[in-house]
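Biologist: Please take a close look at the pairing of oppositely charged side chains, and walk me through it in one connected account. I would also like to hear about the surroundings in which such pairs sit.

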Amino acid sequence: MPKLTIEELEKLREEARKTTFIREQGQFRAKINVHMGTCGLAAGARHILNAFLQEIEKRGLTDVLLTTSGCAGLCSREPMATIEIAGQAPVKYIDLTEKKVEEIFEKHIQGGEIVTAYALGIGSEKTDLS
Amino acid sequence: MAVEKEKLYRVHLMVCAGTGCVSNHAFEIKEALEKEIKRRGLEKEVKVVTTGCNGFCERGPLMVVQPGNIFYQMLTVKDIPYLVEEHLLKGRPVKKLMYQPPEEKTPVPVLSEINFFKKQVLVALRNRGLIDPEKIEDYIARDGYKALVKALTQMTPEEIIHEVTISGLRGRGGAGFPTGLKWQLVRNAISPDNEKYLVCNGDEGDPGAFMDRSILEADPHSVIEGMLIGAKAIGATQGFIYVRNEYPLAVKRILIALDQARYYGLLGHDILGTGFDFDIRVVRGAGAFVCGEETALLASIEGRLGEPRPRPPYPAEKGLWGKPTCINNVETWANIPVIIDRGGKWFASIGTATSKGTKVFSIVGKINNTGLVEVPMGITLREIIYDIGGGIPGGKKFKAVQTGGPSGGCIPAELINLPIDYESLTAAGSMMGSGGMVVMDEDTCMVDVARYFLSFTQDESCGKCTPCREGTKAMLDILTRITEGKGTEEDLGLLEELADTIKEASLCGLGKTAPNPVLTTLRYFRDEYIAHIQDKKCPAHVCRSLNVYKIDPQICFEKGHGCDVCRRNCATDAIIGSKGEAHKIDQTKCIKCGVCFDVCHFGAVKVE
């Protein structure tokens, strides 16, 4: 689309932000932290991580941050992820599958409704990124 | 140049690819990272991005992991497999590759927590480390060309000039002329065929200065956008970027940036469909220092010999090919988009009464944290040297700092609490210049420093006017004489007289400022000149012909057991003695090369 109009420049900016927003130090609406200890990795955390990444990309979101951390301590229930909506207590999800990720993303991150069926509990540890 | 749709990655590894890190093998680090990421099957999650200069050059090669702002430093190719496995595969940042401040026990993981970065305020360098300078989309994502849209659609030329005027922005190239006023003069100037030109001065030549280079390398679009806005304000359709050919990376990146801007129609005809036309050409300078002077620079662009001419007429009236021309420095242009975007008032809220905004400095010499910093005007020298610069290496004492390059002067340690702005530096006998800061410790001889800078300007003097050509030569002869112990007391008066004449009578800024290093060292370190002249001694032991080397027989015998290393290394057989006994120097044969001093492991060789 060479030779931009002003509208096209703004559109290009919006598009470009969809992949560069992760470099910014601002506030995010939601943070997803996939636990990637040896236990998590063995249980398939990498697939879970990529499933979350695809959900963000599919929707073109620039306000949801995906990070990783080590083992969360409950190795038998991996893969696990902690989801924290800004201003709310973090929620830990356990025994994740790609299918569950889809549902959690839609309901919790987009809809604000905790998927209690997959949740371990609310509260406790926070991500180290604030 | 088709644009592919970018994929979303969870991690961006921002590898610094400024000239400093590149010469420390940053591209090899990048290759190693990409190879290891692929080997670990992470290529769909992790992307390596090369950025411009991060600023903390001392600690290169550097890399910042985003999100998280985790700062890694002094990387080697060997570290990469471990780093990728730990941080990217398992999510555990690697402490041993983080920056650990001297005298502290734990490393600082996050960039913004490191002292070097804490006090900096980034305006001109707002995108450093956050964008790939070879990708216009990265610049656009960080509000790039937003100010241009505002200037083209919502502002008249007068309103643009007004905004720049109230911002208080002054020329960042050295003289500090108010930018808004300059633009107004060029706008008002009458051109017979309505043609006016715009020039970006990137002919950075001061020893130890690399502000302009870093901006062109790290964020070329900020300069292009600034020039576009300036073009609308003064009514120009053609601009020039004059950059040294010794800056290959800067030249490469600015050429890529211009191509990309043209591709999107941000340069050329009918920009963004607004009917505004402007384009930019790159002119490469051959490295003559005098071409940084505006009239010499214009002559060079026109293809003539790079020599200055008398002013007036100023370029604002008669510049390139006799047409009104607006010349601003790289850093000045890079500030413009922010001023238009955030408003002149915002910019003016930073800084001091007469010097607004921020200033980029390159800190080099005897300093722990060599690098590029941007700080608010009015910051004290102490904050720059100690808080940001991390002090002097090896526990040595801070002696002076040369600001403004060879045209500036040295500021002594007594003035460490001096708030830095245009006026305070001029009052101290120096000048802001383009922002080079050469830090000197107690081992520096101030007479030798003055001689060095004068030899630089004498060498670079174009020879067109007599005061500069002959005067700097005469001053250099005297200084050389003093450092060789052949100075007389009349020499100091003669130096001052010559300095006054050269300042008064030279044609251009090069000559007018050349005596500054001598005048400031005479003002603050006169006793060192006197020591050289009267006592025939160099207090810092730098001027070798004034040194006398002696061997302490007791140390040589007791500690070194007459190791004989000095004798074997002496080029003139001036050292007497054999293995196992104390050695001695025959002063009639000694040429004072200092090799014995350097090779002695026991500190037995003394300098007087």
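**Charged pairs and their surroundings**

Modeller: In this predicted model, B:Glu134 and B:Arg253 are joined by a salt bridge in which the closest N and O atoms lie 3.2 Å apart. This pair links distant parts of the chain, since B:Glu134 sits in the loop between α4 (115–118) and α5 (136–141) of chain B, while B:Arg253 belongs to helix α11 (residues 248–263) of chain B, 119 residues apart. The two partners can also be placed by their accessibility: B:Arg253 has a relative accessible area of 2% and is therefore buried, whereas B:Glu134, at 25% relative accessibility, counts as partly exposed.

Over all chains, a search of the whole structure finds 51 salt bridges.

In chain A, the side chains of A:Arg59 and A:Glu106 meet in a salt bridge, at 2.3 Å from N to O. Because A:Arg59 lies in helix α3 (residues 45–59) of chain A and A:Glu106 in helix α4 (residues 98–110) of chain A, the pair ties together parts that are 47 residues apart in sequence. Here A:Arg59 counts as partly exposed, with a relative accessibility of 25%, and A:Glu106 likewise counts as partly exposed, with a relative accessibility of 42%.

Returning to chain B, B:Glu85 and B:Lys90 form a salt bridge whose closest N and O atoms are 3.1 Å apart. B:Glu85 has a relative accessible area of 24% and is partly exposed, while B:Lys90, with a relative accessible area of 18%, is buried; the cut-off for buried is under 20%. Both residues belong to a network of salt bridges that links B:Glu36, B:Arg39, B:Arg40, B:Glu85, B:Glu86, B:Lys90 and B:Arg92.

One member of that network, B:Glu86, is among the buried residues of α3(B), together with B:Ile80, B:Leu83, B:Val84, B:His87, B:Leu88 and B:Leu89. With seven of its ten residues buried, helix α3 (residues 80–89) of chain B is therefore largely enclosed by the rest of the structure. After α3(B) comes B:Gly91, which has a positive phi, near 75°.

Charged pairs also occur where the two chains meet, for the rule finds four salt bridges across the interface of chain A and chain B. There is also a salt bridge between the side chains of B:Asp138 and A:Arg23, at 2.8 Å from N to O. Chain A and chain B bury about 3,300 Å² between them, with 58% of this area on carbon and sulfur atoms, and the contact takes 35 residues from chain A and 43 residues from chain B.

A helix contact within chain B may be set beside these pairs. Helix α17 (residues 446–460) of chain B and helix α22 (residues 526–533) of chain B have axes that come within 8 Å and cross at roughly 95°, and an angle of 65 to 115 degrees counts as roughly perpendicular, so α17(B) and α22(B) are roughly perpendicular to each other. From α17(B) the contact uses B:Met446, B:Val447 and B:Ala450, and from α22(B) it uses B:Glu528, B:Tyr529 and B:His532. Sorted by class, the residues in this contact of α17(B) with α22(B) are four nonpolar, one polar and one charged.

Note on methods. Residues numbered from 1 in each chain as written. Chains lettered and ligands numbered in written order. Predicted model: local features only at pLDDT ≥ 70, side-chain atom pairs only at ≥ 80, totals over all residues. Heavy atoms only, no water. Axes fitted to C-alpha atoms, helices over the stretch in contact; angles between N-to-C directions. Helix = DSSP H or I, 4+ residues; strand = E, 2+ residues; numbered from the N terminus. Parallel < 35°, antiparallel > 145°, perpendicular 65-115°, else oblique. Contact = heavy atoms within 4.5 Å. Nonpolar A, V, L, I, M, F, W, Y, C, P; charged D, E, K, R; others polar. Buried < 20%, exposed > 50% of the residue type's maximum accessible area, 1.4 Å probe, protein only. Buried area = accessible area lost by both parts, 1.4 Å probe.
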